[in-house]
Amino acid sequence: QVQLVESGGGSVQAGGSLRLSCAASVYIENCMGWFRQAPGKEREGVAAIDNYGTTTYVNSVKGRFTISQDNAKKMLYLQMNSLKPEDTAMYYCAAALSFVVTTDALAYAYWGQGTQVTVSS
């Protein structure tokens, strides 16, 4: 059974950085991604990466966030720089059912519990 555990969230001021980590219980060949959900808003796909390192990002984080993975350690990361108050949300790690890199939440079957990111102005 796939289990995902996120860590690294916290509170920072605008312009600051955070690095989120996601530990998987098993090696995952399929696409993995980061999602976020702010209070009163729909879940949003932030970034995704396939097993070949191909990545995709939502426009609002391009140039600021970087998704990466360490397959040997079964880890997924999200480096977040130049954080803005609008980045405040619960961030979730997820594993998809296929190899195709996508931030469509419907493609994902396994989810972590989330880690809170709060950015103050």
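**Core, disulfide and sheet**

Colleague: Which residues touch the most other members of the largest nonpolar core?
Modeller: The model is predicted: local features need pLDDT of at least 70, side-chain atom pairs count only at pLDDT 80 or more, and totals for chains, interfaces and linings use all residues. Residues are numbered from 1 along each chain as its sequence is written, and side-chain values use heavy atoms, leaving out hydrogens and water. A nonpolar core is a set of buried (under 20% relative accessible area, 1.4 Å probe, protein chains only) Ala, Val, Leu, Ile, Met, Phe, Trp, Tyr and Cys residues joined through side-chain atoms within 4.5 Å. Of 29 residues in the largest, the ones with the most such neighbours are Leu4, Trp34, Leu78, Met80 and Tyr91.

Colleague: Which cysteines form a disulfide?
Modeller: A disulfide needs two cysteine sulfur atoms within 2.5 Å. The structure holds one. At 2.0 Å between sulfur atoms, the pair is Cys22 and Cys93.

Colleague: How many residues apart in sequence are the parts that Cys22 and Cys93 tie together?
Modeller: Strands are DSSP runs (E, at least two residues), numbered from the N terminus. Cys22 lies in β3 and Cys93 in β9, so the distance in sequence between the parts they tie is 71 residues.

Colleague: How far from Cys31 is the nearest cysteine sulfur?
Modeller: Cys31 is buried, with a relative accessible area of 0%. It is in no disulfide. The nearest cysteine sulfur belongs to Cys93, at 11 Å.

Colleague: Which strands stand at the edges of the sheet?
Modeller: Strands pair if DSSP finds at least two bridges between them. The open, antiparallel sheet runs β1-β3-β8-β7. Two strands each have a single partner, so one side of each lacks a neighbour in the sheet: β1 and β7.

Methods: Helices (H or I, at least four residues) and strands (E, at least two) are DSSP runs, numbered from the N terminus. Buried means under 20% relative accessible area, exposed over 50%, partly exposed in between (1.4 Å probe, protein chains only).
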